[in-house]
Amino acid sequence: MQFGPLKIGKHTIKYPIFQGGMGVGISWDNLAGNVSKEGGLGIISCVGTGYYKQMEFVEKLVASKPFETLNFYSKKALNEIFKNARKICGQSPLGANILYAINDYGRVVRDACEAGANLIVTGAGLPLSMPEFTKNFPDVALVPIVSSAKALRILCKRWESKHKKIPDAVVVEGPLSGGHQGFSYEDCFKEENKLENIVPQVLEEAKKWGNIPIIAAGGIWDRMDINRFLALGASGVQMATRFLGTFECDAKAYREIMPKINEEDIELVKSPVGYPARAIKTGVLQRLKEGNAPKIRCVSNCVSPCNRGVEAKAVGYCIADSLGAGYKGDMQNGLFFTGANGHRIKKIISVKELFSELVK
């Protein structure tokens with residue numbers, strides 16, 4: 001099977017491979033810039049940019065952590081991340097991943113468009129209001145993440161009736177992905193929710209709304225997986241976990257962690273965001289089991305479902321503090337997300353080597 005370019009909205013990606021947006025600090029300028037340089041779609045995570053360059057851009061800190069939404073997310077840092085990524089990839093398409101669950105979602109979407117994002121990818125909730133924040137940026141492609149045909153139907157109905165718009169592409173994410181899932185804990189293990197079973201259903205629904213490219217995500221590992229989902233009718237794939245095993249990964253701790261983990265070191269955990277999340281049993285999760293997890297103080301006010309720390313206290317850890325600690329390489333207090341295949345990373349390679357493997 002030969003790869004052709006992938007056209008989404010007004011943008012053409014050389015290879016049909018998205019790099020998943022991973023925050024805090026996993027996919028920023030170095031990783032996203034190099035993925036786009038090699039012909040994929042590099043995607044910058046807009047979560048927790050206040051931690052960029054050890055919070056150089058943050059105005060207010062509490063105990064070395066960004067204080068309040070405005071500082072946990074830093075527009076100055078986001079602009080710098082995009083500027084530095086562009087130094088690497090030039091004018092190749094570059095995306096932004098923005099969680100729907102964050103506080104001030106609309107402001108971050110507008111900022112990402114101004115910073116130079118060509119595509120906006122949004123998950124962690126069904127982004128029903130996404131188009132209203134991009135009205136002044138008609139060239140920016142909108143790519144929601146869904147986990148079922150029903151979700152796509154609801155989204156398309158709302159977008160068409162309220163905004164006269166349908167998605168430029170859709171990421172269909174199965175329950176083997178890293179980080180937050182689009183399923184309940186129990187549903188993550190059901191046969192009907194496997195990626196290969198939900199992709200055909202979403203494709204059928206997409207046909208009712210026009211020619212919407214479908215991007216398969218969650219557990220994509222190698223060229224055989226890519227070929228399999230392209231054969232099912234997907235236009236491309238999204239991969240995230242494979243990029244944890246690259247030198248260009250912006251969160252350097254993963255270079256040390258990933259080659260050492262086994263399959264049993266990865267688990268689904270509860271998250272303050274309200275969805276189960278897949279992570280490595282280390283850092284804050286290990287401390288939680290030992291009964292000595294860090295005290296929770298809602299400093300960053302990062303995601304609205306957490307309700308100012310209420311859900312963080314219910315699950316036992318603050319996701320902003322824990323992901324921020326992970327980005328800084330704090331093995332005791334960090335939270336480290338990975339997909340179900342993370343244990344298959346045996347050595348760290350370059351983004352260039354990975355693309356050579358995937359596209360040859």
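User: Over the ring of which residue does the charged end of Arg242 sit?

Analyst: The model is a predicted one. In it, the charged end of Arg242 sits over the ring of Trp221, 4.3 Å from the ring centre. Likewise, the ring of Phe3 has the charged end of Arg223 over it, at 3.8 Å from its centre.

User: How is a pair of aromatic rings described, and how many aromatic pairs does the structure hold?

Analyst: Two quantities describe such a pair: how far apart the centres are, and the angle of the planes. The structure holds eleven aromatic pairs. One of them joins Phe3 and Tyr15, with 6.5 Å centre to centre and 55 degrees between the planes, a tilted arrangement. This pair links distant parts of the chain, twelve residues apart: Phe3 lies in the segment before strand E1 (6-8), and Tyr15 in the loop between strands E2 (11-13) and E3 (17-19).

User: Are Phe3 and Tyr15 buried or exposed?

Analyst: Both Phe3 and Tyr15 are buried. An edge-to-face pair is formed by Tyr105 and Phe133, at 5.9 Å centre to centre with 75 degrees between the planes. The angle counts as edge-to-face because it is over 60 degrees. Tyr105 belongs to helix H4 (residues 105-115), whereas Phe133 is in the loop between strand E8 (119-122) and strand E9 (141-146), 28 residues apart. Tyr105 and Phe133 are both buried.

User: Which residues do ring pairs link into a cluster with Phe3?

Analyst: Ring pairs link Phe3 with Tyr15, Phe243 and Phe355 into a cluster.

Notes:
Residues numbered from 1 in each chain as written. Predicted model: local features only at pLDDT ≥ 70, side-chain atom pairs only at ≥ 80, totals over all residues. Heavy atoms only, no water. Phe/Tyr/Trp six-rings, centres within 6.5 Å; stacked < 30°, edge-to-face > 60°. Helix = DSSP H or I, 4+ residues; strand = E, 2+ residues; numbered from the N terminus. Buried < 20%, exposed > 50% of the residue type's maximum accessible area, 1.4 Å probe, protein only. Lys NZ or Arg CZ within 6 Å of the ring centre and 35° of its normal.
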